Amino acid sequence: MEKIELSIVVLVLIGIIVSSGTMYYMTTAIDNLSTLTDDVSTLTESVTNLTSTVSDLALIMAEGFEEYAEALAALTARLAAIEAGLAAKETLIVGTTDSVEKTLDPAQAYDYFGWCILQQIGGTLVSVEPGSPTGADFLPDLAVNWSSNEDLDIWDFNLREGVKFSDGTEFNATHVKYSFDRAIALIPSIPEGAPAGLGYDAIIDSTEVLDTYKVRFHLKMSFSPFLGILASRSSTIVNPQYAPIAQINHTAGDARASTPVAFAGPYVLSKWNRVAGRDVEVKLDANPNYWDLASGYPKMDYIIFRFYSDATTLRLAIEAGDVDMAYRHTSPTDVLDLEDNPNVKVWWGTGAQIQYLCFQQKRAPFNDTRVRVAVTAALNRTAVCETVFLGLSDPLYSIIPPGMLGHTEAFQKLGDANYTLTTSLLAAAGYDSTNKLEFDLWYESSGHYPMSAEQALLYKEALEASGVITVTLKYADWAGYKQNRDNEIMDAYIYGWYPDYVDPDNYAFLYWASWIHTNYYNETINGLPNPSYPAYLEQVALYDEARATTNTTLREELYAQIDAIAVEQCSAVPLWVGSGWAVTTPPIYGIYIDITQDMRYWLIYK
Amino acid sequence: MGLRSYIITRILLTIPTLLLLLSMVFLVMRVLPGDPVALHFEKRATPEQMESMRRALGLDKPLWAQYLEYLGGLVDIGYILDHGYPNLGRSMYQTSEEVGGQIFSAFPATLELAIYSMIIASVIGVLLGVASSKSYNSISDHLIRGFGTVTYAVPIFFLGIVFQLIFGVYLRWLPTSLRINPAVDPPATITGLYTIDSLLQGNLLGFFESLKALLLPSLTLGIILSGMFIRMTRTNMLETLRLDFVTAAKARGLKESTVTYGYALRNAFLPILTMMGLQFAILLGGAILTEKTFSWPGLGTYIVDRIDFRDYTAIQGAVVMFGLFVTLVSLVVDILYAYLDPRIRL
């Protein structure tokens, strides 16, 4: 009788396989049937149009040419309708591991994916030219041209006329004033402060409507990177009807309730479903009122985002053809592996994400500048980039990444794994092979930064190879890591940065940013004068000078001087800059991965 | 003790169980390093801003006050009547959102996965367990036992990735992850279970798409669980098949299948049933890994995400939800057991 049970088991297994196969074919058949029905319907519509057109032609022939012009116009319109009807409705399905963090309200959103969606659905006064190597090539968007006074504290913008929000509301200068007034007014009521993070309240004094299509910004300071800030998502122009002046609408208890709909971008947000505070479905439809429709944008009718829990499942999804495109985040190992897959195409581009090493200066050993410089000289960035990131990141020798104005190779002066310098400096500070320098090197362990443990291990190896340093690796997840940073208990720690706006102004300050808690910027430490304080003051003066000029040569010199001081002080030490990549199933075109890290989905086509 | 008294006692016992669980989670979360307030600020946070956020999250109050406030929320009947779920507080990360709302939006996905996995595990486990016991010490017995051991030992994410590679990447029969093809509209929420809701709405395409998406994760979790079921069924069946009443049934000339399934399995089933109840807790634990592997937007994914954010209220709520669910399943199993075996009530 056991054969019977075995037969049942085999039959069940066969049943599972057959039923899954049947389901696959049935679904495919239903899909095909649905496509066929759409095609037939489009064809019927087109044939009806053609029939009608032919009747009109016959009428024209019969009635002579008296109404020729009118008939021709009708004919042209009808042919356009036929063309539109026959054009396939195109959809791009994008896989990502990102999710909107809290809101799509530009007054509060402060995460990559939230900003990404805002860029597709919203308009800003200016935008960065796709593919710009420096991120400083600005294009007109909702503004057609602009100018500033010599002091760079008054900026005028002439706005594009005839622009409509997606609900049909006409755009004008009052909307620009409203958007910035609202963003600044909301700062006190948002405990976490975005977009205070961009410093709007510290930069913008007031916004003035000069004309229906002209607006003026009065700034509190001379500020050359202003266009960079205006191109950021926080500067998205909102429609007052959907964005209350003093309220991020949280009352409904759902992030979606805080989204002012009807922006002026290439797409409109047609679906946004979240489960347990995480996105499960986002769909964008082409905005019928987009100002640049005549140029053929947006290229795709629909963009659908699918949300994956990690890089592995995203990789499988692109390989299985479940998505047309995978962007953020496939791992370096996966993406290099996928390069050999003929069914997918990997797109490469510049990166803007950097990592740097911070030293806690309020106590020994890193209150001694010689020790900081010695440790910096012993780092081996190349080994990390080649071994951990498989060549997909580059060693960084300035806090400003390559390609951007003001980038230098200043830290090359100390070299990589330069043990001669390390040994001599540490000897002067009282350390040698019998009395080694000992400290804790911390890294973040919950995936907030890529491959942190692997990096830390290689840094430790390189440092200990000097023969005069002993490193103890320690780690904490992101929550613990930030708490440790704020409590200033970590000797040395790896940190990362992703820019708010693409300008050296948004990188150079990392050498002394107070929220990194290195204490480099304090006049006194533990009641004693901080020997690094004069250097800090000098750097800040140079930084402010660079902010106040549009002279690029001068700005470059000023940032180079900041870097030169940074090499002597080693308050924060640049480690590497990442590159960007996306994976698509061919044929997909129009992808630009540049220093902004913005994915401009309206340029993408199949 | 009558069946009714037994049920009332069991229900009353769930209250201290849940309270203990909740208290432990409440305390452990607050002992962990990491400040949920600091996570709201990347930079430029003044002490005033930090304090304002701490007040907004209710973390400025003493621990006992926070605890009592939380318990008070849980038994707020008015809130439950208004919202349909207990007041589990606001998320400490997404401060505008109710934890109850978040949890109840994620729970149907986990429940659907759990139900289908349990069905698969039970069918495979019981059938193979019976087959193994019937062919004791034969090659098929060894093979089935080996299968049981391997499936019990293999990590969920590994089996999941193997299935994704075979059925998703190479054969392209089934989607590698997610609950439904994004090109297809999910069914309107009635129960939150896509397969049921799409059927209730007569949405055949939605049903097939959601079933296709469900197949790989539930097969993965079901096969992993089936290993324990196989061993349990086999052991119980072996003991039962040796009993006199089975020999007597055979002697009376009853069909082999009637003796096996009608007599032996029915008697061997009681301990298996108990184990199925206990396995539900393991199943929910397994669901966390399965959900991660298949990007399944359920409660497991929610808990993992929220631990990183030190979202105290969210984790408390999710653990209470899991606890409540496991307790309810155990209660149902106990009641069924008592119903099937009157000796339990004596």
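This is a predicted model: local features need pLDDT of at least 70, side-chain atom pairs count only at pLDDT 80 or more; totals for chains, interfaces and linings use all residues.
View 1. Of the 606 residues of chain A, 45% are buried, and for the 346 residues of chain B the buried share is 47%. In chain A, 70% of the contacts with a separation of 6 or more are between residues 24 or more positions apart; in chain B, 69% of the contacts between residues at least 6 apart in sequence join residues at least 24 apart. The C-alpha atoms of chain B occupy a box of roughly 85 × 60 × 40 Å along the principal axes.

**View 2. The largest nonpolar core, with Ile103(B) among its most connected members.** This core comprises 248 residues, and those with the most contacts inside it are Ala492(A), Ile103(B) and Ala318(B). When neighbours within four places in sequence are left aside, Ile103(B) is in contact with Ala276(A) from chain A and, in chain B, with Leu88(B), Leu299(B), Gly317(B), Ala318(B) and Met321(B). In soluble globular proteins, nonpolar side chains tend to be buried together.

**View 3. Helix H5 of chain B and its bend.** Helix H5(B), residues 99–134, has 36 residues and spans 50 Å from its first C-alpha to its last, which is close to the 52 Å expected at 1.5 Å a residue. A bend of about 30° is found at Phe107(B), with a proline, Pro108(B), following within four residues. The helix is mostly covered, since 30 of the 36 residues of H5(B) are buried.

**View 4. The open seven-stranded sheet of chain A.** The strands are arranged in the order S8-S9-S10-S1-S11-S21-S12, and their pairing is mixed. Strand S8 (267–275) and strand S12 (345–349) stand at the edges with a single partner strand each, and therefore one side of each is left without a neighbour in the sheet. On average, neighbouring strands of this sheet are turned by 20° against each other, direction ignored. Within the sheet, strand S11 (residues 325–327) and strand S21 (residues 580–584) of chain A pair in the antiparallel sense over three bridges, with Ala326(A) opposite Val583(A) in S21(A). Helix H3 (residues 112–121) of chain A lies across strands S1, S8, S9 and S10, running at about 150° to S8(A).

**View 5. Strands S5, S6 and S7 of chain A.** Strand S7 (residues 214–219) pairs in the antiparallel sense with strand S5 (residues 154–159) over five bridges, and Trp155(A) stands opposite Phe217(A) in S7(A). Strand S6 (residues 204–211) also runs antiparallel to S7(A), joined to it by six bridges, and here Ser206(A) stands opposite His218(A).

**View 6. The surroundings of Pro499(A).** Pro499(A) is placed in the loop between strand S17 (492–497) and helix H14 (505–508) of chain A. This residue counts as buried because Pro499(A) has 21 C-beta neighbours inside 10 Å, where the cut-off is 20 or more. Apart from neighbours within four places in sequence, Pro499(A) is in contact with Ala352(A), Asn506(A) and Tyr507(A). The C-alpha atoms of Pro499(A) and Ile595(A) are separated by 9.8 Å, although these residues lie 96 residues apart along the chain.

Notes
Residues are numbered from 1 along each chain as its sequence is written. Chains are lettered from A and ligands numbered from 1 in the order in which they are written. A residue is buried if 20 or more other C-beta atoms lie within 10 Å of its own, exposed if 12 or fewer, and partly exposed in between; C-beta atoms are placed from the backbone. Two residues are in contact if their C-beta atoms, placed from the backbone, lie within 7 Å. A nonpolar core is a set of buried Ala, Val, Leu, Ile, Met, Phe, Trp, Tyr and Cys residues joined through C-beta atoms within 7 Å. Helices (H or I, at least four residues) and strands (E, at least two) are DSSP runs, numbered from the N terminus. Two strands pair if DSSP finds at least two bridges between them. The expected span of a helix is 1.5 Å times one less than its number of residues. The bend at a residue is the angle between axes fitted to the seven residues ending there and the seven starting there. Axes are lines fitted to C-alpha atoms, for helices over the stretch in contact, and angles run from 0 to 180 degrees between N-to-C directions.
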